[in-house]
Amino acid sequence: MHDIRAIRENPELYRKAWASKGLSGDELVGRILDLDGRLRAAQTSLQAAQAERNETSKKIGQAKAQKNEDEATRLMAHVETLKRTLEEQAEVERTVGEDLRGVLETLPNIPAPDVPVGADEDENVEVRRWGEPFAISSPKDHVDLGEGLGLLDFEAAARMSGARFSVLKGQLARLERALGQFMLDLQTQEHGYLEVSPPLMVNDAAAYGTDKLPKFAEDLFQTTDGRWLIPTAEVPLTSLVMGQIVAEEELPLRFTALTPCFRSEAGASGRDTRGMIRQHQFYKVELVSVTAPDQSEAEHERMVGCAEAVLKRLELPFRTMLLCTGDMGFGARKTYDLEVWLPSQGKYREISSCSNTGDFQARRMDARAKKAGEKGTRFVHTLNGSGLAVGRTLVAIMENYQDEGGRIALPQALHRYLPGLTHIGGEA
């Protein structure tokens, strides 16, 4: 959600920011300022009418005290006129206020000043690379590898659930479980995140506060009683501070969770239909930070490092990309994507996205911080990132650690989570 006062005071900033995201900045800002002007005019008229009614009511009492019934009658008639005016202006205030809020809640966050301007992913900027792509002659993709081992079954998943689901068995299911535990241990024991086991269903307020509603309702799954299945643990983890005033001295707060995630993939028709890259249900370790405004930029860089550490420990080649304005998510002020190397595709694919949303979500969920000894509060900043998507990490291990016989070696970092196992498809 945007601060209308900030738009009013610096409209050119918002015009340029929304234009950099492919929107009509001039038209949007013009409409917002028009609605804001009409709303403030209605509020001014309402206040003036209320003040006049109060003053007139006093005069009625004075006229009656002086037994001036004609004047009292005239004044009472004027109060009735003011009452109608109040009702009319209150309705204008309500409808124009709803229109203004409706516009503001559907507009994306504005990019940070150092975000590159660009239309799409082709204009993202590579920040750094780590590791060299594995030299594999004629690499198989994870589908052929998993099915060849008899441990990955898409047909059974389709029979029971439809497209974009998978069944993992035996050693592959064990590897998926081990990956989640490894990631959680790294983020909690070494990086200081607090592990949370949150609800997997949330209400409208939580989905709205984390900018998933109303714009992305079709991307979510809804239960028959109106709750929403979480598309990522970002939603419940960030909602831990929804409607709260936290002590600024306790910031930053850092949360992590390993949860299933549920996405309709409404906008992904025809994309990544083969395999496990884009599914309706998958596991992910999420990272969320809640900070004071002056901490969030440094916390963002730290979070990216925490996500990168997972890939480094697993010795998977990756690159870190700074997203351009046209490729960033709705709520993001700045985003880094981590892209892991997939031999079968001969390119890097997204495995983590780490975003600083500034106070965009905090305004929607009314999450504030207060310094000890001070009366005022200010909105916190919220950040979220994947640390990592478990399914895509599984895919990357399968493809990068495959051998010519179709077996999959296990990264050294996972050996203690898989006692006695050094390969998928064969014992030690």
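Strand S4 is joined to strand S8 (residues 253-262) by 2 bridges, and the two strands run parallel. Within this pairing, glutamate 195 stands opposite threonine 256 in S8. The model is a predicted one, in which local features need pLDDT of at least 70 and side-chain atom pairs count only at pLDDT 80 or more, while totals for chains, interfaces and linings use all residues. Residues are numbered from 1 along each chain as its sequence is written, and side-chain values use heavy atoms, with hydrogens and water left out.

Strands S4 and S8 belong to an open sheet of 8 strands with the order S1-S10-S11-S12-S15-S9-S8-S4 and mixed pairing. The edge strands are S1 (125-130) and S4 (194-195), each of which pairs on one side only. Two strands are taken to pair if DSSP finds at least two bridges between them; helices (H or I, at least four residues) and strands (E, at least two) are DSSP runs, numbered from the N terminus.

A further open sheet is formed by 3 strands in the order S7-S13-S14, again with mixed pairing. Its edge strands, pairing on one side only, are S7 (245-247) and S14 (378-379). Strand S13 (residues 368-370) pairs with S14 in the antiparallel sense over 2 bridges, and alanine 369 stands opposite arginine 378 in S14.

Two packed helices are described by the angle between their axes and the distance between the axes. Axes are lines fitted to C-alpha atoms, for helices over the stretch in contact, and angles run from 0 to 180 degrees between N-to-C directions. Helix H3 (residues 25-65) packs against helix H4 (residues 69-104) at an angle of about 160°, the axes being 8 Å apart. H3 and H4 are therefore roughly antiparallel to each other (angles under 35 degrees count as roughly parallel, over 145 as roughly antiparallel, 65 to 115 as roughly perpendicular and the rest as oblique). H3 passes H4 in a left-handed crossing; a crossing is left-handed if the near helix is turned anticlockwise from the far one by less than a right angle, and right-handed if clockwise. The contact of H3 with H4 comprises 20 nonpolar, 9 polar and 10 charged residues (Ala, Val, Leu, Ile, Met, Phe, Trp, Tyr, Cys and Pro count as nonpolar, Asp, Glu, Lys and Arg as charged, and the others, Gly among them, as polar).

For helix H7 (residues 170-190) and helix H10 (residues 296-313), the axes come within 10 Å and cross at roughly 130°. H7 and H10 are therefore oblique to each other, and their crossing is right-handed.

Grid points are joined across faces, edges and corners, and a volume is the space filled by probe spheres set on the points. The structure holds 1 cavity of 30 Å³ or more. The largest cavity contains about 40 Å³ of space and is lined by Ile277, Val340, Leu342, Arg349, Glu350, Arg392, Val395 and Ala396. Strand S11 (334-342), strand S12 (347-356) and helix H12 (390-400) each give two or more residues to this lining, with the largest share, 3 residues, coming from H12. By class, the lining has 5 nonpolar, no polar and 3 charged residues.

The second largest pocket has a volume of about 240 Å³. Among its 18 lining residues, Tyr14, Asn109, Ile110, Arg333 and Asp359 are the closest to its centre. Helix H2 (11-20) and helix H11 (360-365) are the elements giving two or more residues to the lining, which divides into 9 nonpolar, 5 polar and 4 charged residues.

Methods
1 Å grid on protein atoms, 1.4 Å probe; cavity = no way out; pocket = protein on both sides within 12 Å on 5 of 7 lines; lining within 4 Å.
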